[in-house]
Amino acid sequence: MNRLSISSICLITFILSAIALVYSRAQDPPPIGAISGFVINGDSSRPIEDAIVRALQDGNEIFRDSTDSNGLYIMSEMQLGFYDLEASHDGFVAQTMLGIEVFMDQTTSVDFELHHPCSYIEGDINGNGAMNGIDVTYGVRYFKGGVPPPYSCFCDGYTWYVAGDVNGDCVFNGLDIVYIIGHYKCGYPYTSCRACRGIK
Ligand SMILES: [Ca+2]
Ligand SMILES: [Ca+2]
C-alpha cells in the first residue's frame, strides 16, 4: 500500500469517526430533571385543586402546571438550572419560592401553603365591624386572660390577631392598647402591619 493510500484511509477513518461522534451526540437526550409538590390551604390544611404553579426564569414563564384533587403538581422534563416558583389560586395570597434548583434525573420537591388574604378593620379587636372604646376594654381583658379576639389570620409569617395591631409592628400586645388610648387622647393615627393592611 503506498503512502497516498494510507493517508486516504486515515482521512476517511477520521471523517467517519467525526460523523459517528456528532451523530451519537445528537442522539443523547438533554439532561433534564423535575419539580413536584403539593399546594395546600394553609388555613385548613386541605389540598387546593386547580392551583396554578409556574416556573419562571428572569420573570419569564418556562413551565406551568395545575394541581389535581390532591393538590399535586408535576413539572417534568425541565432543563437543569434555577427557577423561581409561584403558586396561586383565586381567593388566596400567591406564594413565591426563589432559586429552586433542578438537578439531573432528580425531582426537586417544593410544597406550598396558601392562605386567604386578611380582611379586617384596624383596631376592631372584638370583631364587631367597628372600632370604638369597647375594643379597648376587650383588649385589656384579653391580656388579663380573657377571651381572645375572634378574628385572626396568617400575616407576616404566622397566624395572629391582626386587628389589634394598631401601631404597625406586626405584633398584637399591650403596646397596642397604650397606642389605642393615645389615639383617642392624642390623635395617634392607626397603622396596621404592612404585610396585611387592614381597613381604616
Ligand atoms: Ca369593635
Ligand atoms: Ca402592635
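**The nonpolar core**

Mentor: The largest nonpolar core holds 17 residues, and those touching the most other members are Val 39, Ala 51, Val 53, Ala 55, Leu 85, Ala 87 and Leu 114. At least two residues of this core come from each of β1 (32–41), β2 (52–57), β4 (72–79), β5 (81–88) and β8 (112–114). The model is a predicted one.

Val 53 shows how the packing runs. Beyond its neighbours within four places in sequence, Val 53 is in contact with Val 39, Leu 85 and Ala 87, and also with Arg 64, Asp 65, Thr 67 and Tyr 73.

Of the 200 residues in the chain, 26% are buried. Among contacts with a separation of 6 or more, 54% join residues 24 or more positions apart.

Between β2 and β3 (60–66) sits Asp 58, whose phi is near 55 degrees, a positive value in a residue other than glycine. Asp 58 has 6 other C-beta atoms within 10 Å and so counts as exposed, the limit for that class being 12 or fewer. Asp 156, in the loop between β9 (153–155) and β10 (158–160), also is not a glycine and has a positive phi, about 60 degrees. Asp 156 is partly exposed, because 15 C-beta neighbours lie inside 10 Å.

Conventions. Residues are numbered from 1 along each chain as its sequence is written. Chains are lettered from A and ligands numbered from 1 in the order in which they are written. This is a predicted model: local features need pLDDT of at least 70, side-chain atom pairs count only at pLDDT 80 or more; totals for chains, interfaces and linings use all residues. A residue is buried if 20 or more other C-beta atoms lie within 10 Å of its own, exposed if 12 or fewer, and partly exposed in between; C-beta atoms are placed from the backbone. Two residues are in contact if their C-beta atoms, placed from the backbone, lie within 7 Å. A nonpolar core is a set of buried Ala, Val, Leu, Ile, Met, Phe, Trp, Tyr and Cys residues joined through C-beta atoms within 7 Å. Helices (H or I, at least four residues) and strands (E, at least two) are DSSP runs, numbered from the N terminus.
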